[in-house]
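Please look through the model below before reading on.

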Amino acid sequence: MEISPIRRGLQREYLNLLLGLVLRRLSAPEDARSLARYNLQQLEFAITKTLKDRRRHLDITTRAHLEETIARIELGLEAQLQSY
């Protein structure tokens, strides 16, 4: 399985948006922040599951992209908790 460069770029933009909401870099209602946090957690779960699935043959660029995404999610959620 390969995620195309265009799709990786779109995924990064979506991740930046969610992190911006969670980390309060963007103006938004509290419910939007809660939903962004929930979506980040769900995304992390889905990516982790994909990376652990031995049946999936991921190319190196896709694997690197997914692992970086998980790392950014974890850092963002940790930073959000520390800001309270």
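A residue is called buried when its relative accessible area is under 20%, exposed when that area is over 50%, and partly exposed in between, using a 1.4 Å probe and protein chains only. This is a predicted model, in which local features need pLDDT of at least 70 and side-chain atom pairs count only at pLDDT 80 or more, while totals for chains, interfaces and linings use all residues. Residues are numbered from 1 along each chain as its sequence is written, and side-chain values use heavy atoms, with hydrogens and water left out.

The protein holds 3 helices and 0 strands, and its pattern along the sequence is α-α-α. Helices here are DSSP runs of H or I with at least four residues, strands are runs of E with at least two, and both are numbered from the N terminus. Taken along the principal axes, the C-alpha atoms fill a box of roughly 40 × 25 × 15 Å. Of the 84 residues in the protein, 30% are buried. Contact means heavy atoms within 4.5 Å; among contacts between residues at least 6 apart in sequence, 55% join residues at least 24 apart. The protein exposes about 6000 Å², and carbon and sulfur atoms supply 56% of that area. Accessible areas come from the Shrake-Rupley method with a 1.4 Å probe, and for residues only the protein chains shown count as cover.

Helix α1 covers residues 5-22. The expected span of a helix is 1.5 Å times one less than its number of residues. For the 18 residues of α1 this gives 26 Å, which agrees with the 26 Å between its end C-alpha atoms. The buried residues of α1 are Arg8, Leu15, Leu18, Leu19, Gly20, Leu21 and Val22. After α1 comes Arg24, whose phi is positive, near 65°. Leu26 lies in the loop between α1 and α2 and is partly exposed because its relative accessible area is 35%. Together with Tyr14 and Leu17, Leu26 makes a nonpolar surface patch of about 260 Å². Patches are made of residues with over 30% relative accessible area and no salt bridge, with like charges joined within 9 Å and nonpolar side chains (Val, Leu, Ile, Met, Phe, Trp, Tyr) within 5 Å.

A salt bridge is a side-chain nitrogen of Lys or Arg within 4 Å of a carboxyl oxygen of Asp or Glu. How many salt bridges does a search of the whole structure find? It finds 3. In one of them, the side chains of Arg24 and Glu30 meet at 2.9 Å, N to O. Arg24 is partly exposed at 39% relative accessibility, and Glu30 is partly exposed at 44%. Glu30 also forms a salt bridge with Arg33, their closest N and O atoms being 3.5 Å apart. Both Glu30 and Arg33 lie in helix α2, 3 residues apart, about one turn of the helix. Arg33 counts as buried because its relative accessibility is 10%.

Helix α2 spans residues 30-52 and also contains Lys49, which is exposed at 57% relative accessibility.

Arg63 pairs with Glu67 in a salt bridge whose closest N and O atoms are 4.0 Å apart. These two residues are separated by about one helical turn because they are 4 residues apart in helix α3 (residues 60-82). Arg63 is partly exposed at 26%, and Glu67 is partly exposed at 43% relative accessibility. Elsewhere, salt bridges that share partners join Arg24, Glu30 and Arg33 into one network.
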